[in-house]
Amino acid sequence: MLEVLGLRKSWPDFSLELGLSLADGEIAAILGPSGSGKSTLLRLIAGLERPNAGLIVVDGRDVSSLPPERRGIGLVFQDFALFPQMSVRRNIEFGPRMRGLPSKQRAEAARAIAETFEISALLDRSPRSLSGGEQQRVALARALAANPALVLLDEPLSSLDAALRRRLRTEIGGSLRKAGKTALFITHDAEEAFAIADRIFVMGKGRIVEEGSPEEIYERPETAFTARLLDEGPVIPCELSPSLAPPKEGGMLVAATAIGKFLCLPPRGGYALGERYSVFFLEEAALLDTANPSAPSATEREEMGRFRGKLVSYAYAGSCLRGILECALSEGGNMTMEINLPLGMNPEKGEGLGFRVSPGKAVLVKP
């Protein structure tokens, strides 16, 4: 449905080089920090920028040299870019009118797409009178009214408040799937990408760093870059340990030298003994451990995955107390971990607490 082949765009201080493909009806996200090249990629696909090299194929047609209006692509801008002097109806009819559809067909297209996005009651209103969520729906409806082969969305929720963004995440994905559209959207918000996309491309410095389903990117990130982008927990240096046999239950034994401990992580291929890697702790990796991890143990294995940290702060979080633990690193500095504590615990700030790492909540990643 979409193929980007050997795409390249260069400036004196930045270059973009990548390739990717989307299947028919797939919704994909480009997830990356500011300055990674996300918007540049979208503009290249839309035809608003010209690449130095590469092909852009939409629905089996090479559109690389075509102007934007002939590419069969719908574009939803960050600020919606609705025409303020036009009614919602005329905004939605704009694309079909540019395609030369007669007025009767334009009206039918507007009516049908308005029903899909549940904005039929807004057709005769001005965009200025709409809420942010209503404007977002209208912008998406306008992009789809011309029946494009591909829809591109440039951070479609970034201008909305946090509560509305959370509510509209599922609405965007549901609307695109209901319309049967292939879509590519860019975002710096991992939660937004997880909620909307079928597949995620992680982008950094003009390159695709890795790709996968939302579950794969969150639960099994391959690189420290992606792990830090998710911003769930600390990333600490480690190496695969040849000194101890893997545990009976299987997995990889990791010497987390920065914290002076061994961890057993889920098995993954492509890693070598003695090489340097990083351990990424997912959200809620720390579990309260009533045992004393600082006490001497018979073997290193018994201390595997058990730590002690200082309670820096905590706050009421409904079903529990959400605490922040600070754990000293043997190589200097500290790492912080979030931990859920029982409501009746009544801890003191500065108190030392033992914790262990929940199975499957620590992941080995490449530097």
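I looked for a charge over a ring, which requires NZ of Lys or CZ of Arg within 6 Å of the ring centre and within 35 degrees of the ring normal. I found the charged end of Arg142 over the ring of Phe83, at 4.9 Å from the ring centre.

I note that the model is predicted: local features need pLDDT of at least 70, side-chain atom pairs count only at pLDDT 80 or more, and totals for chains, interfaces and linings use all residues. Residues are numbered from 1 along each chain as its sequence is written, and side-chain values use heavy atoms, with hydrogens and water left out.

Next I looked up aromatic pairs (rings of Phe, Tyr and Trp, the last by its six-membered ring, with centres within 6.5 Å; planes under 30 degrees apart are stacked, over 60 edge-to-face, the rest tilted). The structure has four. I took one of them, Phe194 with Tyr218: the centres are 5.8 Å apart and the planes stand at 80°, so I logged the pair as edge-to-face. Phe194 is in helix H6 (residues 190–196) and Tyr218 in helix H7 (residues 214–219), so the pair ties together parts 24 residues apart in sequence. Helices are DSSP runs of H or I, at least four residues, numbered from the N terminus.

I then checked burial (buried is under 20% relative accessible area, exposed over 50%, partly exposed in between; 1.4 Å probe, protein chains only). Phe194 is partly exposed at 23%, and Tyr218 is buried at 18%.

Last, I searched for disulfides (cysteine sulfur atoms within 2.5 Å) and counted zero. Cys327 is buried at 5% relative accessibility, and Cys320 is buried at 10%.

How values were computed. Helix = DSSP H or I, 4+ residues; strand = E, 2+ residues; numbered from the N terminus.
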